[in-house]
Amino acid sequence: MTINANAASTFVELLEAGHLDSPDVVLLQETKMIGADAEARFKDRLAKFGYHVVLAPSMRTVAGGISSGVAVAWHSAQWATNGSRILVDHRAVAQPIHVVGIGTVDFVSFYGEVDATLSQHHETVSYTHLRAHETKANL
C-alpha cells in the first residue's frame, strides 16, 4: 500500500479509526515531521499497531512551512533486513524486507521529483516484474 495522507499523523489516525486492514508494508509520502521528537512520537504510535518504520525527515520551506519527508512502515510480521537507507534527503528512503516466495525486496518510498542520482546507484525493478514474481509465488 502507498499513501500520501498529507501528514504521517493522518496514516496513524486511519489505523486508530480501523479504516485500514493492517497492510504488510506501507509507503508514506509527505510525512511532514521535523525533529527527533516528532519522529519518535510517530514511531511510538505505529509500534502500538505492530509497525516498524524508517524515515527520511521532512524539510523546512523558505516560507517556514514543512514539506516532503517519506517513510517505509512494515508490520512486525514481516522480516526486515539491515540496510535501511536514505537515498535522497527528504525525498526517498529504502528498506529491504523479505517477501515469502520472492526473497528480499527493497521497498522505496519517494516523493516528488527525484534526480538522476537515484537511478545511477540502484537497479530499477518494474512493477510488472514484481507482479510476475507475486503471481508465481501465489501471494
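Mentor: Happy to. Strand 9 and strand 10 (residues 103-110) run antiparallel, and 8 bridges join them. Within that pairing, alanine 94 stands opposite valine 108 in strand 10. Keep in mind that this is a predicted model.

Trainee: What happens in the hairpin of strand 9 and strand 10, between the strands?

Mentor: There are 3 residues between the strands, and glycine 101 takes a positive phi near 85 degrees.

Trainee: Which other strands are joined to strand 9?

Mentor: Strand 7 (residues 79-80) is joined to strand 9 by 2 bridges, and the two run antiparallel. Alanine 80 stands opposite isoleucine 97 there. Strand 8 (residues 85-88) is also antiparallel to strand 9, with 3 bridges, and in that pairing valine 88 stands opposite alanine 92.

Trainee: And which residue takes a positive phi in the hairpin of strand 8 and strand 9?

Mentor: Histidine 90, with a phi near 70 degrees; that hairpin has 3 residues between the strands.

Trainee: Okay, switching to helices. Which residues of helix 2 are buried?

Mentor: Ala38, Glu39, Phe42 and Leu46. Looking down the axis of helix 2, those buried residues fall within an arc of 100 degrees, so they line one face of the helix. On the other side, Ala36, Asp37, Arg41 and Asp44 are exposed.

Trainee: What do the buried residues of helix 2 pack against?

Mentor: They pack against helix 1 (8-16), strand 2 (25-29), strand 3 (51-56) and strand 6 (70-75).

Trainee: And how far does helix 2 reach from its first C-alpha to its last?

Mentor: Helix 2 (residues 36-47) has 12 residues and reaches 16 Å, close to the 16 Å expected at 1.5 Å a residue.

Trainee: Let's talk cores. Which residues touch the most other members of the largest nonpolar core?

Mentor: Phe11, Leu28, Phe42, Leu46, Val53 and Ala73, out of 17 residues in that core. Helix 1, strand 2, helix 2, strand 3 and strand 6 each supply at least two residues. The largest share, 4 residues, comes from helix 1.

Trainee: What about a second core?

Mentor: There is a separate one of 9 residues, and Val25, Val72, Val93 and Ile97 are among them. In soluble globular proteins, nonpolar side chains tend to be buried together.

Trainee: I was also looking at serine 68. Is it buried or exposed?

Mentor: Serine 68 is buried, with a relative accessible area of 0%. It lies in the loop between strand 5 (66-67) and strand 6.

Trainee: Which residues does serine 68 touch?

Mentor: Leaving out residues up to four places away in sequence, serine 68 touches Glu30, Thr31, Lys32, Ser58, Met59, His90, Arg91 and Tyr111.

Trainee: Last one, zooming out. How many helices and strands are there in the chain?

Mentor: The chain has 4 helices and 10 strands. Along the sequence the pattern reads β-α-β-α-β-β-β-β-β-β-β-β-α-α. Of the 139 residues, 37% are buried. The chain exposes about 8100 Å², with carbon and sulfur atoms supplying 52% of that area.

Notes:
Residues numbered from 1 in each chain as written. Predicted model: local features only at pLDDT ≥ 70, side-chain atom pairs only at ≥ 80, totals over all residues. Heavy atoms only, no water. Expected span 1.5 Å × (residues − 1). Buried < 20%, exposed > 50% of the residue type's maximum accessible area, 1.4 Å probe, protein only. Arc of directions from axis to C-beta. Contact = heavy atoms within 4.5 Å. Pairing = 2+ DSSP bridges. Core = buried A, V, L, I, M, F, W, Y, C linked by side-chain atoms within 4.5 Å. Areas by Shrake-Rupley, 256 points an atom, 1.4 Å probe, with all protein chains shown as cover.
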